[in-house]
Amino acid sequence: GILAHHLIKVQQNCIQETPSKAEPTCKRTWERLLWTLKRRICDHPLNEKLLEDLSVQQVQLFQLLFEYFGPEDRRDLIRDFAIPYLVEISKSPNLGLMFPLLPARFLLLVDYMLLSLTPAMADQSSLDFVG
């Protein structure tokens, strides 16, 4: 609701000043999303309360914010957060114990991020968490 509108407005204002540059608050929001998903996977593999999925509105917000980021900011998020977190998840002793939904969601998110770097795929990439 209100936070989503605020983040979008802040990012749009940032783009007007510096095209293809992520606003730091919006970038930190993505960093926090990745960190939260990683923590859910690595720390609490069997906690059913943490299986609460992202809503369609939340996914759309993250996707919209990511679309505003320039290629450099996208690469930074992938290099500095998504890939190291993916490595950490793969080394987690809890990997075999967890519900497969959580790592699958994380992989889908990383796939979306990587596809956005390929110009031919950027127009076709979508984040379909619900279907």
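This is a short walk through one chain, from its overall layout to a few single residues.

The model is a predicted one, so please keep that in mind throughout. The chain has six helices and zero strands. Read from the N terminus, the order of elements is α-α-α-α-α-α.

Some totals next. The chain has 131 residues, and buried ones make up 41% of them. The accessible surface is about 7700 Å², with 57% of that area belonging to carbon and sulfur atoms. Among contacts with a separation of 6 or more, 72% are between residues 24 or more positions apart.

Which residues of the largest nonpolar core touch the most other members? They are Trp30, Leu34, Phe66, Leu77, Phe106, Leu109 and Met113, out of 25 residues in that core. At least two residues of the core come from each of helix H2 (24–43), helix H3 (56–68), H4 and H5. The biggest contribution is from H2, which gives seven residues.

Apart from neighbours within four places in sequence, Phe106 is in contact with Leu34, Leu37, Lys38, Ile41, Ala82, Tyr85, Leu86 and Ile89. Several names in that list will come back when we reach the helix pair.

That pair is H2 and H4. Two packed helices are described by the angle between their axes and the distance between the axes. For H2 and H4, the axes come within 10 Å and cross at roughly 10 degrees. Angles under 35 degrees count as roughly parallel, so H2 and H4 are roughly parallel to each other. On the H2 side, the contact is made by Lys27, Trp30, Glu31, Leu34, Trp35, Lys38, Arg39, Ile41 and Cys42. On the H4 side, the residues are Asp73, Asp76, Leu77, Phe81, Ala82, Tyr85, Glu88 and Ile89.

Take Asp76 from that list. Asp76 sits in helix H4, which covers residues 71–90. Is Asp76 buried or exposed? Its relative accessible area is 13%, and the limit for buried is under 20%, so Asp76 is buried. Beyond its neighbours within four places in sequence, Asp76 is in contact with Lys27 and Phe81.

On to H5. Leu107 is in this helix, which runs over residues 101–115. With a relative accessible area of 48%, Leu107 is partly exposed, because the exposed class starts over 50%. Leu107 and Ala82 are 25 residues apart in sequence, and their C-alpha atoms are 9.3 Å apart in space.

Last, the loop between H5 and helix H6 (119–122), where Ser116 is found. Ser116 is buried, at a relative accessible area of 7%.

Thr118 and Pro71 are 47 residues apart in sequence and 9.8 Å apart in space, C-alpha to C-alpha.

Notes:
Residues are numbered from 1 along each chain as its sequence is written. This is a predicted model: local features need pLDDT of at least 70, side-chain atom pairs count only at pLDDT 80 or more; totals for chains, interfaces and linings use all residues. Side-chain values use heavy atoms; hydrogens and water are left out. Helices (H or I, at least four residues) and strands (E, at least two) are DSSP runs, numbered from the N terminus. Buried means under 20% relative accessible area, exposed over 50%, partly exposed in between (1.4 Å probe, protein chains only). Contact means heavy atoms within 4.5 Å. Accessible areas come from the Shrake-Rupley method with a 1.4 Å probe; for residues, only the protein chains shown count as cover. A nonpolar core is a set of buried Ala, Val, Leu, Ile, Met, Phe, Trp, Tyr and Cys residues joined through side-chain atoms within 4.5 Å. Axes are lines fitted to C-alpha atoms, for helices over the stretch in contact, and angles run from 0 to 180 degrees between N-to-C directions. Angles under 35 degrees count as roughly parallel, over 145 as roughly antiparallel, 65 to 115 as roughly perpendicular and the rest as oblique.
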